[in-house]
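Please consult the sequence and the structure shown here alongside this report.

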Amino acid sequence: MIENYATDLAIRMGVSLTDISLVEGKQVGCLDMHLLLLNAEPNFVSVPVRQQDLEDLLNGSDCTRLDLKLCSALSRLKTMLAGGTL
């Protein structure tokens with residue numbers, strides 16, 4: 001679900017993603033956080049995502065915090081793709 005949400009937002013922002021993956025926090029000992037990797041070859045950005053934000057997305061609740069994080073990450077990625085520096 002988060003992958004589709006991020007893809008839709010990326011399209012609206014004019015970023016063509018080549019891959020999206022979610023690394024579950026449980027794999028690294030963190031139960032309430034995950035890492036979303038957004039890839040637009042040859043660059044990528046990572047976004048920390050709280051479990052509560054994923055649950056809010058699934059429940060159709062307010063996702064303002066998630067939107068802000070994703071927009072910020074996609075803006076950084078767009079800058080990198082344009083040859084800018086961060």
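The model is predicted: local features require pLDDT of at least 70 and side-chain atom pairs count only at pLDDT 80 or more, whereas totals for chains, interfaces and linings use all residues. Residues are numbered from 1 along each chain as its sequence is written, and side-chain values use heavy atoms, with hydrogens and water left out.

Three strands make up an open antiparallel sheet, in the order β1-β2-β3. Helices (H or I, at least four residues) and strands (E, at least two) are DSSP runs numbered from the N terminus; two strands pair if DSSP finds at least two bridges between them. Strands β1 (19-24) and β3 (43-50) each have a single partner strand, so one side of each edge strand lacks a neighbour in the sheet. On average, neighbouring strands are turned by 20° against each other, direction ignored.

Strand β2 (residues 33-40) runs antiparallel to β3 and is joined to it by eight bridges. A hairpin of two residues connects β2 to β3. Within this pair, L37 stands opposite S46, and A40 stands opposite N43.

Angles run from 0 to 180 degrees between N-to-C directions, and axes are lines fitted to C-alpha atoms, for helices over the stretch in contact.

| Helix | Strands | Angle to β3 |
|---|---|---|
| α2 (residues 51-59) | touches β1, β2 and β3 | about 85° |
| α3 (residues 64-81) | lies across β2 and β3 | about 170° |

Conventions:
Contact = heavy atoms within 4.5 Å.
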